[in-house]
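This briefing goes through one protein structure by topic. Please look at the sequence and the model below before reading on.

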Amino acid sequence: MGKGDVKVLGTWVSPFALRARIALNLKSVDYEFVAENLGNKSELLLKSNPVHKKVPVLIHQHKPVCESLIIVQYVDETWTSAPSVLASDPYERATARFWAAFVDDKFWPSMRGIGLAKGEDAERKIREMTEELAILEDAFLKCNGGKHPFFGGDSLNLVDIALGSLLGWLRVGEMTHNVKLIDASTTPLLAGWADRFIAHPAVKEIMPEPQKLYDFLQAAVAGAKK
């Protein structure tokens with residue numbers, strides 16, 4: 001299957017587009033990454049995701065699949081070669097889906113906009129993120145006994161991809177507010193996990209550098225003030 005048969009519509013700064021790319025990399029699927037300008041959305045994006053009109057979109061054999069976690073699961077079910085993103089055991093699958101939903105429904109809303117937050121808003125976000133990361137630290141221990149490198153054991157699973165895709169922007173929040181949200185002293189399991197995730201072969205070549213994300217954010221803020 002050539003790259004033309006699989007496309008990912010996204011932006012390099014989008015953690016959600018990153019999820020789709022990591023899943024495809026895990027399965028060694030060749031794909032074409034189509035960079036979108038969200039200020040001037042392409043006809044392909046608008047046609048492929050007419051409901052939400054946002055990235056990411058996976059296009060496989062001319063058929064679009066939308067929403068990042070749905071895309072990850074679609075990739076896992078379509079390309080069934082190992083490693084699997086979701087376990088074969090129903091309870092383990094349900095557990096992974098629960099924690100992936102926690103990341104999107106609880107952690108991401110707290111984290112969103114952390115790079116621009118100020119004053120009481122920033123303090124609230126940092127407090128909420130700290131509490132939620134403590135929950136995820138405990139979840140990591142319960143998911144694999146703390147004896148394996150990832151939430152999925154020896155390989156990445158849905159939770160690893162959901163949370164790991166946010167690490168770049170989490171680091172931007174740390175840089176902006178001079179705090180450590182994932183740190184060996186407070187969340188030692190997540191700190192080790194984060195280092196391993198970023199170094200994973202499916203991730204390391206496409207994970208945006210925090211400094212570049214920070215510079216992008218600052219440029220966007222400066223442009224908005226003009």
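The largest cavity is lined by Trp 12, Val 13, Ser 14, Pro 15, Leu 18, Ser 165, Gly 168, Trp 169, Met 207, Pro 208 and Leu 213. The structure is a predicted model, in which local features need pLDDT of at least 70 and side-chain atom pairs count only at pLDDT 80 or more, while totals for chains, interfaces and linings use all residues. Residues are numbered from 1 along each chain as its sequence is written, and side-chain values use heavy atoms, with hydrogens and water left out.

**Cavities**

- On a 1 Å grid over the protein atoms alone, a cavity is a set of points where a 1.4 Å probe fits but cannot get out; lining residues have an atom within 4 Å of a point.
- Grid points are joined across faces, edges and corners, and a volume is the space filled by probe spheres set on the points.
- Searching the whole structure gives two cavities of 30 Å³ or more.
- The largest cavity holds about 50 Å³ of space.
- Two or more residues of the lining of the largest cavity come from each of H1 and H7. Helices (H or I, at least four residues) and strands (E, at least two) are DSSP runs, numbered from the N terminus.
- By class, the lining of the largest cavity has eight nonpolar, three polar and no charged residues. Ala, Val, Leu, Ile, Met, Phe, Trp, Tyr, Cys and Pro count as nonpolar, Asp, Glu, Lys and Arg as charged, and the others, Gly among them, as polar.
- The volume of the second largest cavity is about 30 Å³, and its lining consists of Thr 11, Trp 12, Ser 14, Ala 17, Leu 18, Arg 21 and Ile 206.
- The lining of the second largest cavity divides into four nonpolar, two polar and one charged residues.

**Pockets**

- A pocket is an open set of grid points with protein on both sides within 12 Å along at least five of seven lines.
- The largest pocket has about 860 Å³ of space. It is lined by 27 residues, of which Ser 14, Pro 15, Phe 16, Trp 108 and Arg 112 are the closest to its centre.
- H1, H4 and helix H9 (210-225) each give two or more residues to the lining of the largest pocket, and H9 gives the most, with four residues.
- The lining of the largest pocket has 16 nonpolar, five polar and six charged residues.
- The second largest pocket has about 280 Å³ of space. Among its 17 lining residues, Glu 92, Cys 143, Phe 151, Gly 152 and Asn 157 are the closest to its centre.
- H4 and helix H5 (119-144) each give two or more residues to the lining of the second largest pocket; H4 gives the most, with five residues.
- The lining of the second largest pocket divides into eight nonpolar, seven polar and two charged residues.

**Sheet**

- The open sheet has four strands in the order E2-E1-E3-E4, with mixed pairing. Two strands pair if DSSP finds at least two bridges between them.
- Strand E2 (32-35) and strand E4 (63-66) stand at the edges with a single partner strand each, so one side of each has no neighbour in the sheet.
- On average, neighbouring strands of this sheet are turned by 25° against each other, direction ignored. Axes are lines fitted to C-alpha atoms, for helices over the stretch in contact, and angles run from 0 to 180 degrees between N-to-C directions.
- Strand E1 (residues 6-10) pairs with E2 in the parallel sense over four bridges, and Leu 9 has Val 34 in E2 as its bridge partner.
- Helix H1 (residues 15-26) packs on the sheet and touches E1, E2 and strand E3 (57-60); its direction makes about 155° with that of E1. Contact means heavy atoms within 4.5 Å.
- E3 and E4 run antiparallel and are joined by four bridges; the bridge partner of His 60 in E4 is Lys 63.
- The hairpin of E3 and E4 has two residues between the strands, and Gln 61 there takes a positive phi near 55°.

- Buried means under 20% relative accessible area, exposed over 50%, and partly exposed in between (1.4 Å probe, protein chains only).
- Buried residues in helix H3 (residues 68-78) are Ser 68, Leu 69, Ile 71, Val 72, Gln 73, Val 75 and Asp 76. Their cover includes H1, E3, E4, helix H4 (90-111) and helix H6 (158-164).
- Arg 171 lies in helix H7 (residues 167-177) and is buried, with a relative accessible area of 17%.
- Not counting residues up to four places away in sequence, Arg 171 touches Lys 180, Ile 182, Ala 194 and Pro 210.
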